[in-house]
Structure formats: structure tokens, C-alpha cells
Amino acid sequence: MPTKRLSRRTVLRGALATGAAVSVPLPILDVMLNNSGTAFAQGAPLPKRYCTWFFGNGIIPALWNPAATGTGSAWGLTEELAPLMPVKQWLTVVSGLKNMIGNASPHPMGSAASTTGGSVANNSAELASIDQIVAGVNKGGSFPSLEIGCSDATPNGPENTLHTCSHRGPNAPNYPEFDPHAAFTRMFMGVSSTGTVDQMMKINQAKKSILDAVLADGTEVGSLLGAKDKARLSDHLDAIRQIETRLAAMTTTTMPPSVPIPPDPQTIGVSKDTKSEAPMKVNDVMAQMLAVALASGITKNATFMFTLPAAHVYYRSVASDMNADFHDTIAHTDAGNNAATGYQTRYHKGVIYAMQGLNTFASQLSKMTEGAGSVLDNMLIYVTSCTGWGKIHDTSEWPVLLLGKAGGALRGDQHFRAANGNLSSALLTIANIFGAGLKTIGKGSGQTSSELSGLRVA
């Protein structure tokens, strides 16, 4: 008798107390797969997912780049990368890359170069960004792509590349959502943050969680599952419950400051927000939310902005000496060198803090079982910033990490050195891992026709 299979499109359905219909997509379960767990029962391969993970204000290369190249035990994590130890087996560090666009307007151009391969014209990115190139071929899910973030601490400038790193093309930015409540209602309840006041009020006044609403349907689906799948479904629903609990506990004091989306060019830089933060509580709930969305097929492509380019953000929670503007004061005026000793200690702390935020997201994905592996095995997270060493707006030794194995396209646990290589080569490699079939990427001095040779698994 053939094994009973469950469709990948199966969702749990229910209704809130308000009468609003809700559905909760399922993660990939063994009952949806072939007997070896390597593809869907109908033969389709397991989906690959993509995310750009961006943090502003750069790194200290001497404390970021590993000393040795190679794979496995041949190389080790540096101080700034140490928070990623739990996901080292999925991590590829690409060092030596250079932003060929230049730094005439450092952060706007750096943001554009690292995500589009082009520059800025008329206060806009010139080209589509890598997340949107991937989204154009990596289709599926309720949303072609999702853009969220942790801190909207304001940069000082009107260029749209300072306020997002996701662009559909010139003058077509995708601004990230920084409010976890709004992100949740959009992802899991089908209501946009641009919905009417009445819509948002009805959701906020709902007496039942979305899990309570779909409980009966979940019980029925559970009756079709084996022990392993039941545990996976339970973990999935528990994660959503944790998100709801975290959101319920969040007050306005734990939220990022409110900035209009899109930002108002007339108010940008007029007065810096000295109360801005990058709260780890916000990062953690956003990271968990996005991990669930990627695992369950709500989207296959995303952008996560930990902080914006040149952000006037404060990391007061990190240490008592961090009560200063991270961009203006800590990155640019603190004494210190790009060296293993005599470096900018506060700047170093800020980079480590950002990597702790990244580890939260990547670790969530690594623990989500999918077939014979995890979601992170079928994921590629492109991690980058708007500058190399931030103190001098260095265009060399640009920070690039690739997290995940992209369905077997990357080895993981590797330090890959590409001395003086074009930063755009990383973008071309990523695009073609997802099947874009591009011969070139970028524009002007940022254009390249070369991938990172030898990085992809043959």
C-alpha cells in the first residue's frame, strides 16, 4: 500500500474572534518528501532560500579576517566572527574583496556597490539589488520578497541606498519594516502595514492568537503524521507561539523609533535621533519571524537590515562606555588602528554585537529540520555592509559572509580569499547559484563578468 503523502501547499486554517480568516503554512515535513528525503514526492527539488543580511558602518579587517584559508579545522574564527561559532559549519568567509565603485560618497555608494554592483544617481541606486535579482528567478511563496529590520536609526542623507539595500531598480526601493507587530500581521495574517486603521485595530483587538484559531485543523493534520513530523510540526507552532508571546510583552520602549516609510528627505539629518537603539529583543523576534516565514514558504527571498548604512545608532546595552553615536563618534573619532592591537575597542564591540544578532537568525535556521538536513542547508545568507574599515571609509577588505550551503552549492566551513577581487563577483556568484544565468553584473567600474572562481561546489 503506497505511503500517504501531504501536499507542500497544505496550510492550517481557522478564523479569529473578529471573523478574519487566517492560515498558517506548514514547514517541509517528511510526509511531503520522497523516501530518501532529498526532494518532494512529486520529484521537485527542495527549495533554496535567500536573504541579504546587512549591518551598517563596517568592520575592523584585522579583527574580522581569519589568518588562515581553507576548510574545516584549517581555519578559525576571529574575534569579530566568534559569535558565529554555532553555525561555523555553514559559514563561508570571503575576504580580500574591494568595492571598485569608490567612496566619493562613502555610505550611499558603498550600500549600492555591495548589493547592486552599481553606484548612485539622482539619490537612487542605479540597478536592481541582488535580493531582487534572486527573487526574479527564485519564485514562490505568498510574498516574492520580504524586507524587515531591527533598527531604523537614521542615516544623514536623502539617498535611498541609505534607507534600504533592496531595490527593484532605479527609484524603486523596497523599504524595510521595523515594527515587529506590523511585520507579524503582514506575514501571518495577510494584512499590510499600509492597511487601514480599522484593519489594524481589529487585529490588535483579536482575542485569540492565530494558533488558537487553527488548533482544530492542526489536530486533524497531526493525525496524518508520523512521530518525527509531529515533533517538527510542534516545533513550528511553538515558534509562532513564542513570537506571539514576545510581541505581547513588547512595549513602545522596546521598539525602534518611528520613522516614516518612505523616509521624508526634508527631515533627514535635520536632527539626529539620540534615543535610537538596535534592541536585541527586536532583533530576536524579527529573526525568529523571518526564519519561520522562510521555513514554511511564506517567502523564499528576504532582506534583513540590522542597522542602516551610516546609521546614528547607539549600542548602550552592550557596555557602559557605548553611550555615543556609533557612526559619528565611535567609528570616526575613536582612537585606534586597523590592527590586532591598538584598535578601536568600542567599534570592535559594536561589530561583535551585530554578529551576535546574525547568529540568532542563522542558528534558528540551522535548528529547523528539513529532509535529511536543515533549512540552513538550503539557504544562502549574504552578509555585508556599507564600508570596509569604517574609520577611513576603506574600500578594500570588504566584509562578505555567505551563510548556508545553498542546496549543496557551497561547502560551508571555509575561509576563501579573493585578494583585490571585485566585490561584484560575489553578487554574480550568488545570482548564478540561484539560476539567474547572468554573464555580467554591475555597472561602470563595478561591473564584472567573473564569479568567485573555485568557490562553488563543482
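**Figure 1. Overview of the predicted model.** Of the 458 residues of the protein, 58% count as buried. Please keep in mind for every view below that the model is predicted. The fold is built from 12 helices and 14 strands. Taking contacts between residues at least 6 apart in sequence, 74% join residues at least 24 apart. The accessible surface of the protein is about 17700 Å², and carbon and sulfur atoms account for 52% of that surface.

**Figure 2. Helices H4 and H9 side by side.** A pair of packed helices is described by the angle between their axes and the distance between the axes. Here the axes of H4 and H9 (residues 280-295) come within 10 Å and cross at roughly 10°. Because angles under 35 degrees count as roughly parallel, H4 is roughly parallel to H9. From H4, the contact takes in Pro 180, Ala 183, Phe 184, Met 187 and Phe 188. These residues meet Val 282, Val 285, Met 286, Met 289, Val 292 and Ala 293 of H9. Sorted by class, the contact of H4 with H9 holds 11 nonpolar residues, with no polar and no charged ones.

**Figure 3. Helix H9 and the residue that follows.** H9 has 16 residues and reaches 22 Å from its first C-alpha to its last, close to the 22 Å expected at 1.5 Å a residue. In H9, 13 of the 16 residues are buried, so the helix is largely enclosed by the rest of the structure. Just after H9 comes Gly 297, with a positive phi of about 80°.

**Figure 4. Helix H2 under cover.** H2 spans residues 106-116 and is mostly covered, with 10 of its 11 residues buried. The buried set is made up of His 107, Pro 108, Met 109, Gly 110, Ser 111, Ala 112, Ala 113, Ser 114, Thr 115 and Thr 116. Thr 116 is also touched by His 167, the residue shown in the next view. Just after H2, Gly 117 takes a positive phi of about 80°.

**Figure 5. His 167 and its neighbours.** His 167 sits in the loop between strand S8 (146-149) and helix H4 (180-189). Its relative accessible area is 0%, so His 167 is buried. Leaving aside residues up to four places away in sequence, His 167 touches Thr 116, Ala 125, Leu 127, Ala 128, Ser 129, Asp 131 and Gln 132, among others. Also among the residues touched by His 167 are Asn 160, Thr 161, Ala 172, Pro 173 and Asn 174.

**Figure 6. Gly 169, in the loop between S8 and H4.** This view turns to Gly 169, placed between S8 and H4. Gly 169 has 6% relative accessibility and therefore counts as buried. Apart from residues up to four places away in sequence, Gly 169 touches Ala 125, Leu 127 and Ala 128. The C-alpha atoms of Gly 169 and Gln 132 are separated by 8.8 Å, and the two residues are 37 residues apart along the chain.

**Figure 7. Ser 124 in strand S7.** Strand S7 covers residues 124-125 and contains Ser 124. With a relative accessibility of 0%, Ser 124 counts as buried. Not counting residues up to four places away in sequence, Ser 124 touches Ser 119, Asn 160, Pro 170 and Asn 171.

**Figure 8. Positive phi at Glu 397 and Asp 413.** Neither residue shown here is a glycine, and the backbone angles deserve a look. Glu 397 has a positive phi of about 45° although it is not a glycine. Glu 397 is found in the loop between strand S12 (379-384) and strand S13 (400-403). For Asp 413, also not a glycine, the positive phi is about 50°. Asp 413 lies in the loop between S13 and strand S14 (414-422). Since buried means under 20% relative accessible area, Glu 397 is buried at 18%, and Asp 413 is buried at 18%.

**Figure 9. Ala 372 at the surface.** Ala 372 lies in the loop between strand S10 (369-370) and strand S11 (373-374). A relative accessible area of 75% makes Ala 372 exposed. Ala 372 and Ser 36 are 336 residues apart along the chain, yet their C-alpha atoms are separated by 7.9 Å.

Key. Residues are numbered from 1 along each chain as its sequence is written. This is a predicted model: local features need pLDDT of at least 70, side-chain atom pairs count only at pLDDT 80 or more; totals for chains, interfaces and linings use all residues. Side-chain values use heavy atoms; hydrogens and water are left out. Helices (H or I, at least four residues) and strands (E, at least two) are DSSP runs, numbered from the N terminus. Buried means under 20% relative accessible area, exposed over 50%, partly exposed in between (1.4 Å probe, protein chains only). Contact means heavy atoms within 4.5 Å. Accessible areas come from the Shrake-Rupley method with a 1.4 Å probe; for residues, only the protein chains shown count as cover. Axes are lines fitted to C-alpha atoms, for helices over the stretch in contact, and angles run from 0 to 180 degrees between N-to-C directions. Angles under 35 degrees count as roughly parallel, over 145 as roughly antiparallel, 65 to 115 as roughly perpendicular and the rest as oblique. Ala, Val, Leu, Ile, Met, Phe, Trp, Tyr, Cys and Pro count as nonpolar, Asp, Glu, Lys and Arg as charged, and the others, Gly among them, as polar. The expected span of a helix is 1.5 Å times one less than its number of residues.
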